[in-house]
Amino acid sequence: MNTGTPWQIFIDACLINNFVLSLFLGICPFLGVSGKTDTAVRMGAAVMFVMLVSSTCAYGIHHVLVLINAPYLHLISYIVVIASAVQLVEMFIKKFSPALFQALGIFLPLITTNCAILGLALFQTNRQYDFVQSLSFALGAGVGFTLALLIMSGIRERLELSDVSSIVRGAAVTLMVAGVLSMAFMGFAGMGR
Amino acid sequence: MTSERVAGKADKNVEVLIKGFWRDNPVFVMLLGMCPVLAVTNSVINALAMGMATTFVLFMSSTIVSLIRRLIPKQVRIASFILIIATFVTVVEYLIQAISLEIHKSLGAFISLIVVNCVILGRAEAFASKNPVGKSMLDALGVGVGFTFACLCLGFVRELLGAGTIAGVSVFGSSFEGWSIMILPGGAFFVLGAWLLLFNWLRERKGVPQT
């Protein structure tokens with residue numbers, strides 16, 4: 001059993017081992033939808049919601065699978081749960097905010113193939129978190145993802161206005177900035193202990 | 001797209017193979033599947049293992065998807081593709097565990113995360129579900145090798161600069177002090193950024209319009 005207070009786990013997932021910047025999970029949406037601050041925040045919120053739902057479900061599924069002694073089904077059942085949760089969020093957003101639905105575009109169904117969410121489910125199983133720990137882990141990861149996306153979109157909005165050489169423009173400069181951000185986040189190491 | 005439908009011609013098949021490897025390289029050109037490329041390429045061996053595992057899953061799932069492409073209803077195709085991919089990833093995970101426990105430990109959760117590699121789902125959706133088996137297999141092989149090549153590019157630079165070795169063999173001698181940043185997460189972003197820079201530069205020199 002893992003012994004960490006929910007607060008420690010939250011800080012760890014959010015800052016020290018930030019999902020995007022130090023574990024490299026969810027890079028695709030990080031590069032894809034970090035163009036505008038507005039969209040970035042909403043994408044972060046959608047991911048956070050899916051994370052909470054799938055973390056809760058993964059906790060239940062893990063216990064059922066242990067009970068019936070079928071560990072090889074973990075991966076397959078997790079991915080099915082995540083796909084259904086994303087479908088749910090998609091319908092929800094489509095109904096309540098068609099504008100946001102348009103803005104997120106293809107990246108909304110692609111939350112299914114966002115490694116951050118499957119990674120979350122796998123990590124919480126590996127580390128044997130109990131229910132409260134799992135929830136705070138999911139919340140921390142979600143907040144961390146949103147934070148990374150938000151910082152990145154802020155920088156990219158500035159970058160749009162600056163004079164960048166044509167070969168660096170686009171993905172190359174975004175990755176360089178992500179590298180600097182990642183180094184900055186290394187400064188959080190040792191917090192929350 | 002129409003030219004791709006002409007089956008049975010050797011040069012067309014070679015073209016499909018080469019296209020996935022170079023012109024539409026999944027990592028350097030299409031910017032897909034970045035997560036594993038960045039995360040596990042801190043050494044050449046890890047990069048190679050990751051590339052091979054991904055190629056295997058890509059090849060097998062493209063073959064199966066292409067075989068049953070007429071049987072899958074359109075509405076549930078993505079879910080079916082993911083289930084097929086997840087099955088092969090489970091196979092690969094147990095396979096790697098059996099072959100080398102050490103590699104399994106250093107790749108960790110990233111073997112399971114091959115499921116959510118956009119390259120594989122992307123090829124299943126964009127190519128294998130529309131083309132005959134032979135072509136899909138070639139395409140998968142081309143893209144898989146292209147992906148492995150990209151992993152190796154990163155792994156090579158990061159291991160060389162980070163530890164002064166290539167696949168565990170010392171290059172610069174014992175007096176070389178490794179750049180620890182290359183092994184750390186930040187280095188992965190820098191190296192991939194630098195490679196993209198190089199490829200952009202090459203493309204610009206050739207006069208191909210920017211994407």
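What radius of gyration would a compact globule of 193 residues have, and what does chain A have? I began there. The rule puts a compact globule of that length near 16 Å, and chain A comes out at 17 Å, which agrees. I am working from a predicted model, so I looked up the confidence next.

**Confidence.** For chain A the mean pLDDT is 84, with 97% of its residues at 70 or more. Within chain A, α7(A) has the highest confidence, at a mean of 90, and α5(A) the lowest, at 79.

**Overall fold of chain A.** I counted eight helices and zero strands. The pattern along the sequence is accordingly α-α-α-α-α-α-α-α. I find that the C-alpha trace spans about 60 × 45 × 25 Å along its principal axes. Of the 193 residues, 46% are buried. I also checked contacts with a separation of 6 or more: 81% of them join residues 24 or more positions apart.

**Helix α3 of chain A.** Here I wanted to compare length with expectation. Helix α3 (residues 37–67) has 31 residues, which at 1.5 Å a residue should span 45 Å; the end C-alpha atoms are 45 Å apart, so the two agree. I noted its buried residues, among them A:A40, A:M43, A:V47, A:V50, A:M51 and A:H62. A:R42 is on that buried list too. The cover over these residues includes α2, α4, α5 (98–104), α6 and α7 (131–161) of chain A. Just after the helix, I see that A:N69 takes a positive phi of about 60°.

**Where chain A meets chain B.** I find 32 residues of chain A in contact with 33 residues of chain B. On the chain A side, the elements giving two or more residues are α2 (27–32), α4 (74–96), α6 (115–126) and α8 (171–186). Of these, α8(A) gives the most, with nine residues. What is the make-up of that side in nonpolar, polar and charged residues? I get 24 nonpolar, eight polar and no charged.

**The nonpolar core.** The largest one has 119 residues, and those with the most contacts inside it are A:L118, B:L38, B:I85, B:V115 and B:L154. Helix α4 (residues 44–67) of chain B supplies the largest share, 11 residues. I followed up B:V115, setting aside neighbours within four places in sequence. In chain A, B:V115 is in contact with A:L75, A:I79 and A:L118; in chain B, the partners are B:I85, B:A86 and B:V89.

Is B:E159 buried or exposed? B:E159 is buried, because 25 other C-beta atoms lie within 10 Å, and the cut-off for buried is 20 or more. B:F156 has 17 such atoms within 10 Å and is therefore partly exposed.

Leaving out residues up to four places away in sequence, B:F156 touches B:V44 and B:I166. With that same exclusion, B:E159 touches B:N42, B:S43, B:V44, B:T165 and B:I166. Last, I checked two C-alpha separations. B:F156 and B:E177, 21 residues apart along the chain, are separated by 17 Å. For B:E159 and B:S174, 15 residues apart, the separation is 15 Å.

Terms used. Residues are numbered from 1 along each chain as its sequence is written. Chains are lettered from A and ligands numbered from 1 in the order in which they are written. This is a predicted model: local features need pLDDT of at least 70, side-chain atom pairs count only at pLDDT 80 or more; totals for chains, interfaces and linings use all residues. Helices (H or I, at least four residues) and strands (E, at least two) are DSSP runs, numbered from the N terminus. The radius of gyration is taken over C-alpha atoms; the globule rule is 2.2 Å times the number of residues to the power 0.38. A residue is buried if 20 or more other C-beta atoms lie within 10 Å of its own, exposed if 12 or fewer, and partly exposed in between; C-beta atoms are placed from the backbone. Two residues are in contact if their C-beta atoms, placed from the backbone, lie within 7 Å. Ala, Val, Leu, Ile, Met, Phe, Trp, Tyr, Cys and Pro count as nonpolar, Asp, Glu, Lys and Arg as charged, and the others, Gly among them, as polar. The expected span of a helix is 1.5 Å times one less than its number of residues. pLDDT is the predictor's confidence in each residue, from 0 to 100. A nonpolar core is a set of buried Ala, Val, Leu, Ile, Met, Phe, Trp, Tyr and Cys residues joined through C-beta atoms within 7 Å.
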